[in-house]
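I wanted to look up how aromatic rings pair up in a protein chain.

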Amino acid sequence: RSKTFHITGNIPTTQYSNALSISEIEALEIRQNASSSVRIPGLTSAEYRVKKNLSISTSKNPGAARVCVWLDSLTLDFSYSKLDVYVAHEYPAGTCPYAELMSHEGQHIAAYRQIHEDYLDKLKEAFQRAAELPTGANPAWAENTSQGEALIRRLADETAAPVMVEFKEEL
């Protein structure tokens with residue numbers, strides 16, 4: 001039997017705020033990235049999450065010392081948990097500078113959406129190519145069920161890890 005992968009992602013509705021000052025937005029930026037000497041009147045902030053659910057089967061023949069273990073299915077949710085835009089209250093809504101800042105932050109929103117789509121595809125590809133994930137036709141062997149399940153969880157984590165490292169660098 002082959003493995004079944006359900007890899008999905010979601011992007012929440014962007015939340016907009018015009019309540020913070022430039023200094024407060026700069027404080028958010030410093031927490032997220034690095035210190036900057038440039039004034040920051042606007043900021044787009046994204047947070048993401050990855051949730052995995054594995055369906056793992058095991059089998060042990062009577063009298064056998066080890067169990068065989070394999071992955072039946074994997075459900076992975078790679079989503080932004082928030083996508084926020086901040087424009088400093090020093091730039092009131094309806095003004096030309098506000099409109100320019102919103103346009104600029106809109107470019108960041110578009111980039112975050114594209115990056116999410118690209119890396120969702122990369123995760124799908126990584127799991128489709130993951131020959132090391134045991135199947136019913138080619139199971140792994142372990143000393144016990146817990147060890148076998150831990151092995152499959154580790155292999156699933158190792159499959160996603162390079163993609164997520166690359167995603168974090170691009171984000």
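What follows are my entries on the aromatic pairs in this predicted model.

**Entry: counting pairs.** I started with the total. How many aromatic pairs are there? The count comes to 6. I picked two of them to follow up.

**Entry: Tyr48 and Phe78.** I looked up the ring geometry here. The centres of Tyr48 and Phe78 sit 6.3 Å apart, and their planes make an angle of 70°. That goes down as edge-to-face, because the planes are over 60 degrees apart.

Next I checked where the two residues lie. Tyr48 belongs to strand β3 (residues 42-59) and Phe78 to strand β4 (residues 67-87), so this pair ties together parts that are 30 residues apart in sequence.

Buried or exposed? I looked up each one in turn. Phe78 has a relative accessible area of 0%, so I wrote it down as buried. Tyr48 comes out at 27% and counts as partly exposed.

**Entry: Tyr119 and Phe167.** I moved on to helices for this one. The pair of Tyr119 and Phe167 is also edge-to-face, with 5.6 Å from centre to centre and 65° between the planes. Tyr119 is in helix α2 (residues 96-129), while Phe167 is in helix α3 (residues 145-170). They are 48 residues apart, and the pair links distant parts of the chain.

Tyr119 is at 1%, which counts as buried. Phe167 is at 0% and counts as buried too.

**Entry: putting them together.** Which residues form one aromatic cluster with Tyr48? I found Phe78, Tyr119 and Phe167 in that cluster.

Terms used
Residues are numbered from 1 along each chain as its sequence is written. This is a predicted model: local features need pLDDT of at least 70, side-chain atom pairs count only at pLDDT 80 or more; totals for chains, interfaces and linings use all residues. Side-chain values use heavy atoms; hydrogens and water are left out. Rings of Phe, Tyr and Trp (its six-membered ring) pair if their centres lie within 6.5 Å; planes under 30 degrees apart count as stacked, over 60 as edge-to-face and the rest as tilted. Helices (H or I, at least four residues) and strands (E, at least two) are DSSP runs, numbered from the N terminus. Buried means under 20% relative accessible area, exposed over 50%, partly exposed in between (1.4 Å probe, protein chains only).
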